[in-house]
Amino acid sequence: MSENEALFAKFRPGSSETITTPEGCWTNFLGLHTRTDLFPNAEALKGRYIPDLPLQGDGVYGPAAEYAALLTAIDARGTDRASFSAIELGAGWGPWISGAGIVCKRLGFKRINLVGVEADRVKVARMEDHLATNGLMQEPVHCRILQGAAWHKDTTVFFPQNLPIPDYGGAATTQQSGTDYRGFNIPTDTTPAYSLAAICRDLERVDFAHWDVQGAEWEIADKSRELIDARMHHVFIGTHSRKIEGNLLGLFFELGWDLLRHDPCHYEYDRTKRSLEAMTLNDGHMFFRNPRF
């Protein structure tokens, strides 16, 4: 049995637990219910419970590495069930905070803190619905959802309006423009932007942080080094250029953190693109652990 297989199997529902999939949803191996209309090609999953372990990814949520990062952070708590805190930046419908919530609730954690940050107002509503569908808007779970962009400081930025639900590539920017970093012609509107200090204001400890912020990941990390090192235990970052990946490697190396996994982004150098991020064909990801904890 592979390392991921053993880890995934450890946290799925027991054989005695009854799984009922709500209407319009599918249920994954963790027992997490998700609406199929959040994805472009998931209609065939409607009404299904899929207990298979996503060792090659599930084709919907993400690659196996994302599941492994979340479950590694939960596993690191051992038998300590006092509390678990997870934050998700660029949360969309909140897949990873909800995954943390459903597993930690099953394990009997006394307090579960979930913070989701998402700039798209429609997706914020979907996140609230998703958390409620999975019973994560009540004790012992404490949710805080911030409508706005994760950023390197507290300010106001611009974010695309009227993105289709399956489009999770919207990026915040400091300048209003009808054309985004991908070259898409999309109108923007102002939205609040939150620093890590504001996002983590009530959390002295963050067991798991998941970032997918479309190119803002380096500046967020760079401007919050002390907070990250003092409070965060495991950080999974979706990366959107090789330059960002190099910067992050340097930062976490200087902090003395462990790099548990790194799959670089795939890109094609093209000077007709508007930015390095626009050259990225597939996001990369990096998973770090703070050894001091």
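## Helix and sheet packing in a predicted model

The axes of helix α1 (residues 3–10) and helix α2 (residues 64–75) come within 10 Å and cross at roughly 60 degrees. Axes are lines fitted to C-alpha atoms, for helices over the stretch in contact, with angles from 0 to 180 degrees between N-to-C directions. Helices (H or I, at least four residues) and strands (E, at least two) are DSSP runs, numbered from the N terminus. This is a predicted model, in which local features need pLDDT of at least 70 and side-chain atom pairs count only at pLDDT 80 or more, while totals for chains, interfaces and linings use all residues. Residues are numbered from 1 along each chain as its sequence is written, and side-chain values use heavy atoms, without hydrogens and water.

In α1, Asn4, Leu7, Phe8 and Lys10 meet Ala64, Tyr67, Ala68, Leu71, Thr72 and Asp75 of α2 (contact: heavy atoms within 4.5 Å).

Seven strands form an open sheet of mixed pairing, ordered β5-β4-β3-β9-β10-β14-β11 (pairing requires at least two DSSP bridges between two strands). β5 (141–147) and β11 (258–263) each have a single partner strand, so one side of each lacks a neighbour in the sheet. The twist averages 10 degrees from one strand to the next. Within this sheet, β3 (residues 83–89) and β9 (residues 208–211) pair in the parallel sense over four bridges, and glutamate 88 has histidine 210 in β9 as its bridge partner.

| Helix | Strands crossed | Angle |
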